Amino acid sequence: MSNRTFTMIKPDATGKGYTGAILDQIIKAGFTVKAMKWVRLTEEQAGLFYDIHRARPFFQELVDFMISGPIVAAILEKDNAVADFRELIGATNPANAAEGTIRKLYAANIGENAVHGSDSDENAIIEGDFFFSKLERF
Ligand code: GDP
């Protein structure tokens, strides 16, 4: 079990001014920020990040959404980080997300769902490496 996960605050949430509230909720839930950056992805970068979804009907919609504004990318640390963070953000579709979860509080719909959270320890490492060099993590 790894103690790190990777997150993005997505363009819907940064655009609506929810970045501070979401970071506050993450930190109050016991996560420590090990790396963080505010960036706008290119179409190619967003496509590579979500390469696993390339064959899905919503792929282009997802890419267009993810490049529609800046995101905050971060590596987070906590015991049981991947599972605990998925619980904190709630279900992919905010309509199914539990009360008090970040997606329930801040997401509009299944596409524009405010935050990303890695779904496995392996993907947490791959996704963190996608955004951060060794010099950018602490
Ligand atoms: P996650 O692990 O909870 O983020 O969910 P997935 O890995 O299944 O999907 C990745 C991302 O693709 C989601 O967070 C959504 O932003 C987007 N997505 C998933 N399903 C749909 C869909 O049906 N329509 C659209 N537009 N986007 C979707």
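Is Glu77 buried, partly exposed or exposed? Glu77 is partly exposed, at 22% relative accessibility (buried means under 20% relative accessible area, exposed over 50%, partly exposed in between; 1.4 Å probe, protein chains only).

The structure is a predicted model, in which local features need pLDDT of at least 70 and side-chain atom pairs count only at pLDDT 80 or more, while totals for chains, interfaces and linings use all residues. Residues are numbered from 1 along each chain as its sequence is written, and side-chain values use heavy atoms, with hydrogens and water left out.

**View 1. Salt bridge between Lys34 and Glu77.** The closest N and O atoms of this pair are 3.8 Å apart (a salt bridge is a side-chain nitrogen of Lys or Arg within 4 Å of a carboxyl oxygen of Asp or Glu). Lys34 lies in strand 2 (residues 32-39) and Glu77 in strand 3 (residues 71-77), so the pair ties together parts that are 43 residues apart in sequence. Strands (E, at least two residues) are DSSP runs, numbered from the N terminus. Lys34 is buried, at 16% relative accessible area.

**View 2. Salt bridge between Asp51 and Arg54.** The N to O distance is 2.5 Å. Asp51 is partly exposed at 39% relative accessibility, and Arg54 is partly exposed with a relative accessible area of 43%.

**View 3. Salt bridge between Asp129 and Arg137.** Here the N to O distance is 3.1 Å. Asp129 is partly exposed, with a relative accessible area of 46%; Arg137 is also partly exposed, at 23%.

**View 4. Network of Arg4, Lys34 and Glu77.** Salt bridges with shared partners join these residues into one network. The whole structure contains eight salt bridges.

Key
Helices (H or I, at least four residues) and strands (E, at least two) are DSSP runs, numbered from the N terminus.
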